[in-house]
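Subject: Structure handover

Hello,

Here is the structure I promised to pass on.

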Amino acid sequence: MNNKEALLVNEYRGGLLECSHYGHICLINEQGEIAGQAGNPHATVFTRSSAKPIQAIPGIRAGIKAAFGLSDDEVAVMAASHRAEKIHVGTLERLLGKAGLAEEGLVCAPSLPLDEEAKETLLRRGGERRRLYHNCSGKHLGVLAYSKLKGYPLDGYNLPDHPVQREILQTLATLADIPQERISLGTDGCGFPVFALPLSALAAAYLKLACPDLIADPATAEAAATITGAMNRHPLLVAGTGRVDSILLEDPNIVAKGGFKGVYAFALRRERLAVTFKVQDGSEDEWGLIALGVLEQLGYENEETLRKLREAFPSSITNDEGWLVGHMETVFSLNRRD
C-alpha cells in the first residue's frame with residue numbers, strides 16, 4: 001500500500017505551475033473494505049467539523065428534539081459550520097430560546113459572521129461580536145440542550161470528561177468500527193475535544209450516517225436518520241450560500257460535511273460508498289474540485305449535482321477584477337477496487 005501523499009490538485013498562473021496540493025483520499029464500501037484510494041486511505045487526520053453530525057447523535061438519541069419541541073431546521077444547525085447569515089442567526093436564536101439556554105454559557109468565542117455580506121451589514125449597523133455568530137455555536141447549543149435535559153452540569157460541557165463528551169467519543173468509536181483507544185484527542189478551535197483517527201475509520205462512520213440500516217443499535221440509527229434527513233432538507237443551514245456542504249446536501253443521495261484544515265467527508269446512499277479526503281496543506285479552496293473529481297471518477301449519475309459543483313467551483317482562476325489569470329486541475333486517480 002502506498003503510504004505517501006498523492007498529488008491531488010495543481011494550480012497554474014500565466015501558464016506556469018504555481019501551487020501543488022497533496023493529500024489522501026479514501027473510499028469505503030458497505031463491507032468496510034477500501035474501494036478506492038489516492039495516497040494513504042488510513043492516514044490519521046483530525047476530524048474537525050466533519051464530526052458535527054456524529055456529535056449531535058447523543059442528544060437526538062436521548063430525545064431533545066421532542067423535549068424542547070425542536071424543528072428540523074434547528075436540528076440541522078446543530079451539525080453546521082454556519083456563516084452567521086440571517087437564516088443561521090434566526091434559527092440559532094430560536095434554538096437558544098426553546099432550550100432555555102443563555103448565550104453567555106457557550107464557550108465558543110464571541111465572533112463576527114464569516115459571511116462577508118452579513119459581517120459588513122453588522123459592522124455598518126454598529127453591531128458587535130456574539131458567541132452565536134461563531135460557526136460552531138449550533139453544535140454547542142445541541143450539547144448544552146442535552147446536558148440540561150439529563151441534568152448534567154452546564155459548566156464544563158466542553159471538557160473531555162463531561163458525560164456528554166464521553167458519550168460522543170463512544171458513539172464515534174462505534175460508528176467508525178475502532179476502539180476508543182485508537183482515537184486521539186486534541187482541542188478544537190471552538191473549545192471542544194477534536195478527534196484524530198484514520199480516514200478509513202471516518203469513512204466507515206459516514207457510510208453509517210448515510211445508510212443507518214448499517215447501525216446495529218436502533219436508537220442510534222434513528223438519530224442518525226433524523227440528523228442527516230434534517231441536513232438534506234435544510235442544506236443552507238449546514239454551511240451557507242455557495243459552500244460545498246450545502247451544494248452537496250441539496251442532493252438527497254448525499255450526506256456531507258467538511259472540517260477545518262482540509263478534511264472532508266461525504267457518503268452516497270444509493271451506491272453505499274463513503275469518501276473522505278484530506279488536503280495536507282489545510283486548504284479548503286480545492287474541496288469542490290476534489291469532490292467533483294471523485295464523483296466524476298465514480299460515474300455519478302446525478303448530472304444536476306455535478307453541474308452545480310462545476311458552476312460553483314470552476315477550474316478557472318480569476319483575479320480581484322474578475323480577469324482570467326490561471327486554472328486548476330485535479331490530477332489524482334482513485335485506483336478503484338471493484
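Predicted model: local features only at pLDDT ≥ 70, side-chain atom pairs only at ≥ 80, totals over all residues.

Start with the three strands in the order β4-β6-β5. They form an open sheet, and the pairing is antiparallel. β4 and β5 stand at the edges. Each has a single partner strand, so one side of each is left without a neighbour in the sheet. From one strand to the next, the twist averages 30 degrees.

Now the pairings. Strand β4 covers residues 44-46 and is joined to β6 by three bridges. Here valine 45 sits opposite leucine 197 of β6. Glycine 186 has valine 194 in β6 as its bridge partner. Threonine 187 stands opposite proline 193 in β6.

β5 and β6 also make a hairpin, with five residues between them. Glycine 191 is in that turn and has a positive phi of about 100 degrees.

How well covered is strand β6? It spans residues 193-198, and six of its six residues are buried.

Helix α8

α8 runs over residues 163-176, which makes 14 residues. From first C-alpha to last, the helix reaches 20 Å. That is close to the 20 Å expected at 1.5 Å a residue.

Which residues of α8 are buried? The list is Val164, Gln165, Ile168, Leu169, Thr171, Leu172, Ala173, Leu175 and Ala176. An α-helix has 3.6 residues a turn, so residues three or four places apart point the same way. Keep that in mind when you look down the helix. Just after α8 comes aspartate 177, with a positive phi of about 60 degrees.

The largest pocket

This pocket has a volume of about 820 Å³. It is lined by 38 residues, and the closest to its centre are Arg83, Arg243, Phe260, Glu284 and Trp287. Four elements each supply at least two residues of the lining: α12 (244-249), β7 (254-259), α13 (287-297) and β10 (316-318). By class, the lining has 14 nonpolar, 14 polar and 10 charged residues.

The second largest pocket

Here the volume is about 350 Å³. The lining has 13 residues. Nearest the centre are Ala84, Lys86, Ala118, Thr121 and Arg125. Both α5 (86-99) and α6 (116-124) supply at least two lining residues. The largest share comes from α6, with four residues. By class, the count is six nonpolar, two polar and five charged.

The cavity

How many cavities of 30 Å³ or more are there? The count comes to one. The lining is Gln55, Ala56, Gly59, Ile60, Ile64, Met78, Lys139, Gly142, Val143, Tyr146 and Val164. Val164 is also among the buried residues of α8.

Two helices, α2 (57-62) and α7 (137-150), each supply at least two residues of this lining. α7 gives the most, with four. By class, seven lining residues are nonpolar, three are polar and one is charged.

Backbone angles

Most residues other than glycine have a negative phi, and most peptide bonds are trans.

Arginine 48 is not a glycine, yet has a positive phi of about 45 degrees. It lies in the loop between β4 and α1 (52-55).

Lysine 261 is not a glycine either, and its positive phi is about 65 degrees. This lysine lies in the loop between β7 and β8 (263-268). Is lysine 261 buried, partly exposed or exposed? At 41% relative accessibility, lysine 261 counts as partly exposed, because that class runs between the 20% and 50% cut-offs.

Best wishes

Notes. Residues numbered from 1 in each chain as written. Heavy atoms only, no water. Buried < 20%, exposed > 50% of the residue type's maximum accessible area, 1.4 Å probe, protein only. Pairing = 2+ DSSP bridges. 1 Å grid on protein atoms, 1.4 Å probe; cavity = no way out; pocket = protein on both sides within 12 Å on 5 of 7 lines; lining within 4 Å. Points joined across faces, edges and corners; volume = space filled by probe spheres on them. Nonpolar A, V, L, I, M, F, W, Y, C, P; charged D, E, K, R; others polar. Expected span 1.5 Å × (residues − 1). Axes fitted to C-alpha atoms, helices over the stretch in contact; angles between N-to-C directions.
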